[in-house]
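Hi everyone, thanks for making time this morning. Please have a look at the model on the screen, and then I'll walk you through a few places in it.

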Amino acid sequence: MDDNMALLVIVDAANVVGSVPDGWWRDRRGAAERLRDRLAADGVPDSFGPAEIVLVVEGAARGVEAVPGVRVETASGSGDDRIVELVAAAGARPRLVVTADRELRRRVTELGADVTGPRSVRG
């Protein structure tokens with residue numbers, strides 16, 4: 001896969017996991033690992049062509065490891081700030097951010113990224 005042409009999908013783990021009240025707060029790391037595994041198995045629905053999936057974790061979800069098909073980025077501070085950094089670093093490459101966070105949506109669209117909500121990857 002040519003990483004410069006593949007869609008870069010950046011998933012806001014905290015926001016996606018927190019979008020469904022299924023007890024995730026009892027085990028944030030486990031919830032992030034389940035999301036990672038779902039992404040690795042199913043990819044990103046409705047994406048056309050190859051995609052590189054990056055899961056951004058923060059806080060209690062730190063320590064989640066990458067698996068084939070999903071790169072994990074651990075934010076040293078704010079997950080939102082790390083997502084913005086990744087979007088900016090990707091330049092003109094097609095980018096899709098998965099989040100419902102309004103402020104994060106504003107920040108990444110200003111950088112030219114597309115945005116979709118958590119339902120797109122919740123299954």
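This is a predicted model: local features need pLDDT of at least 70, side-chain atom pairs count only at pLDDT 80 or more; totals for chains, interfaces and linings use all residues.

Let me start with a question: where does P68 lie? P68 is in the loop between β2 and β3. When I say helix or strand, I mean DSSP runs, numbered from the N terminus: H or I with at least four residues for helices, E with at least two for strands. P68 counts as exposed because its relative accessibility is 77%. For the cut-offs, buried is under 20% relative accessible area, exposed is over 50%, and partly exposed is in between, using a 1.4 Å probe and protein chains only.

Residues are numbered from 1 along each chain as its sequence is written, and side-chain values use heavy atoms, with hydrogens and water left out.

Now the overall picture. The protein has five helices and five strands, and along the sequence they come in the pattern β-α-α-β-β-α-β-α-β-α. The radius of gyration, taken over C-alpha atoms, is 13 Å, close to the 14 Å from the globule rule for 123 residues, so the protein is as compact as a globular protein of that length. That rule is 2.2 Å times the number of residues to the power 0.38. The C-alpha trace spans about 40 × 30 × 25 Å along its principal axes, and 43% of the 123 residues count as buried.

Let's go inside. The largest nonpolar core has 22 residues, and V9, V11, L35, L39, L55 and V57 touch the most other members. By nonpolar core I mean buried Ala, Val, Leu, Ile, Met, Phe, Trp, Tyr and Cys residues joined through side-chain atoms within 4.5 Å. Elements giving two or more residues to this core include β1 (7-12), β2 (51-57) and α2 (28-42), and α2 gives the most, with four residues. Another core, of 13 residues, lies apart from it, and V84, L86, V97 and L104 are among its members.

Next, β2. Why is β2 largely enclosed by the rest of the structure? Because six of its seven residues are buried. β2 pairs with β1 in the parallel sense over six bridges; strands pair if DSSP finds at least two bridges between them. In that pairing, L8 stands opposite E52 in β2. β2 also runs parallel to β3, joined by five bridges, and there L55 stands opposite V72 in β3.

Last stop, T99. T99 sits in the loop between β4 and α4 (102-110), and T99 is buried, with a relative accessible area of 0%. Its side chain makes a polar contact with the side chain of D12, at 3.0 Å. A polar contact here is a pair of N or O atoms within 3.5 Å; within protein, one must be able to donate a hydrogen and the other to accept it, and residues adjacent in sequence count only if both atoms are side-chain atoms. Leaving aside neighbours within four places in sequence, T99 is in contact (heavy atoms within 4.5 Å) with residues including N15, L104, R105 and P118.
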